[in-house]
Amino acid sequence: MDKAMDLGGFGVRRASESESDALIGIDTVAIEGDTGRQASIREWCREGLAVVAEDASGLLGYCVVEHTFFEQGFVTMLMVAPSARGKGVGRRLLDAAAASCTTPKLFTSTNVSNQPMQRLLQKAGWSPVGLLHGLDEGDPELFYLYRPRMPTQ
């Protein structure tokens with residue numbers, strides 16, 4: 001996904017390393033001063049793992065897929081700028097993640113308290129597959145699975 005894909009009013013493309021500060025600027029956790037999140041964003045951009053959605057106004061959101069979860073794809077981060085939420089940006093980023101996945105399974109997770117993300121995942125065809133306690137005290141983590149279409153050989 002090196003070239004932009006036009007997806008209904010906005011495009012999706014790989015982020016450049018120089019865009020890490022702009023991504024920090026739309027990330028609600030990073031912008032509040034979370035230095036760990038800021039460092040992660042810089043690393044994801046440096047490694048070419050971040051994909052962004054943008055329109056003429058600028059960056060709308062980003063998504064990160066890594067392949068370190070039992071050698072399967074894992075959506076490590078999905079963030080949509082507050083001003084762009086509810087406009088299909090998260091869905092398009094998830095669809096781009098699924099389209100670019102090179103493994104038979106693609107996973108992600110979200111907290112039980114994150115109802116908007118759970119609704120998005122269900123609408124996008126992801127299936128709940130497990131619950132993990134102990135990551136965030138009092139807010140278990142729900143895991144989801146998406147099975148991307150693998151090219152036939």
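Mentor: Start with the rule: buried means under 20% relative accessible area. Keep in mind that the model is predicted.

Trainee: Why is Arg37 called buried?

Mentor: Its relative accessible area is 17%. The cut-off is under 20%, so Arg37 counts as buried.

Trainee: What makes Arg37 and Asp27 a salt bridge?

Mentor: The N to O distance is 2.8 Å. The rule asks for a side-chain nitrogen of Lys or Arg within 4 Å of a carboxyl oxygen of Asp or Glu, so the pair qualifies. Arg37 lies in helix 2, and Asp27 in the loop between helix 1 and helix 2, so the pair ties together parts ten residues apart in sequence. Asp27 is buried, at 0% relative accessibility.

Trainee: Why is Glu54 called partly exposed?

Mentor: Glu54 has 26% relative accessibility. Buried needs under 20% and exposed over 50%, so a value in between is partly exposed.

Trainee: Which salt bridge does Glu54 form?

Mentor: One with Arg13, the closest N and O atoms being 2.7 Å apart. Arg13 sits in strand 2 and Glu54 in strand 3, so the pair ties together parts 41 residues apart in sequence. Arg13 also meets Glu19, at 2.5 Å, N to O.

Technical notes. Residues numbered from 1 in each chain as written. Predicted model: local features only at pLDDT ≥ 70, side-chain atom pairs only at ≥ 80, totals over all residues. Heavy atoms only, no water. Helix = DSSP H or I, 4+ residues; strand = E, 2+ residues; numbered from the N terminus. Buried < 20%, exposed > 50% of the residue type's maximum accessible area, 1.4 Å probe, protein only.
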